[in-house]
Every structure is written in C-alpha cells, then in structure tokens.
Amino acid sequence: MNINLNFRQNTELFSKVANEWAAKIASAKPETKTTQMRNFYDYVLKLQEKANLKNESDFKAEILPFVKMLNSKVAYANTRKVASKEFVDMINDCVSQVNSKEGLDTFKLFFEAVLGFSKK
C-alpha cells in the first residue's frame, strides 16, 4: 500500500491512512518498538526545525540530503532487527516524496499521526 502524502487529495492521510500504517507496523515482525519509531520521528523533527530556518534552495542543498539519508538509517535498523519491513516501507515511501520544505512538513505530520495511533 503506497502512501500519498498529498493531504489535499488524500483527506484521510492523518486519520485512516495513519491508523492503518500504525496497525501494520504494530503487527509486523520483528517488532518496531514505539521508542524506536520515536527516535526516527525526533530525527525528522530536527530536520524540519532546521528546514524552517532555510529558504527553499538552501533546504534542497543542506537539508534534503539528510532527509534522503533516512533510507539508509532505517535499512540499518532493519538489519539490526529493531525495525520491521513495514516500518522501512513507510519511511522509504514517505522519503521518496519529500522534495520540498512543504513535503517534509507533511511527512512530519503523517509520522506524528502514525505515532499517535501506535500508542497501545
């Protein structure tokens, strides 16, 4: 299931879609603990805070490469068996759509919603 981060088209992004992804991640093996998800979320949050201080061209040069690096970080977490394939898929799908500050903002909000639904 691909994630469409365009919340204007995908009005259920922060509700139904986030809840479905939280359920997928929760039921997957190896288990992705909420603390592990939170570590990745905190990283995204730091990137987003830095991005808010940049214009769009500086964002693309200075922040976007580190957003894309999330793919390698989550792949490594998967090899260490602390992140499920489902979590990796969610991160990879979202990161592939982030190409602007607005895209990073939307990814952060979606990730926040998934975390909210992940609390048991």
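**A walk through the salt bridges and rings**

The structure holds six salt bridges, a salt bridge being a side-chain nitrogen of Lys or Arg within 4 Å of a carboxyl oxygen of Asp or Glu. Before you click, note that this is a predicted model, where local features need pLDDT of at least 70, side-chain atom pairs count only at pLDDT 80 or more, and totals for chains, interfaces and linings use all residues. Residues are numbered from 1 along each chain as its sequence is written, and side-chain values use heavy atoms, with hydrogens and water left out.

**Stop 1: R8 and E102.** Select these two and you'll find a salt bridge, with the closest N and O atoms 2.9 Å apart. R8 lies in the segment before α1 and E102 in helix α6, so the pair ties together parts that are 94 residues apart in sequence. (Helices are DSSP runs of H or I, at least four residues, numbered from the N terminus.) R8 counts as exposed at 60% relative accessibility, while E102 is partly exposed at 42%. Here, buried means under 20% relative accessible area, exposed over 50%, and partly exposed in between, with a 1.4 Å probe and protein chains only.

**Stop 2: R38 and D42.** Hop to helix α2 (residues 34-51), where D42 and R38 sit four residues apart, about one helical turn. Their side chains meet in a salt bridge, 3.1 Å from N to O.

**Stop 3: K85 and D89.** Now show helix α5 (residues 85-97), which holds both residues, four apart, or about one turn. K85 is exposed at 51% relative accessibility, and D89 is partly exposed at 30%.

**Stop 4: the aromatic rings.** Select F40, Y41, F87, F107 and F111, which form one aromatic cluster. Rings of Phe, Tyr and Trp (its six-membered ring) pair if their centres lie within 6.5 Å; planes under 30 degrees apart count as stacked, over 60 as edge-to-face and the rest as tilted. Zoom in on F107 and F111: this pair is stacked, at 5.8 Å centre to centre with 20° between the planes. Both lie in helix α6 (residues 101-118), four residues apart, and both are buried.

**Stop 5: lysines over rings.** Last, pick W21 and K24: K24 lies over the face of W21, 4.0 Å from the ring centre. Then try Y43, where the charged end of K73 sits over the ring, 4.9 Å from its centre. To count, NZ of Lys or CZ of Arg must be within 6 Å of the ring centre and within 35 degrees of the ring normal.

Conventions: Helix = DSSP H or I, 4+ residues; strand = E, 2+ residues; numbered from the N terminus.
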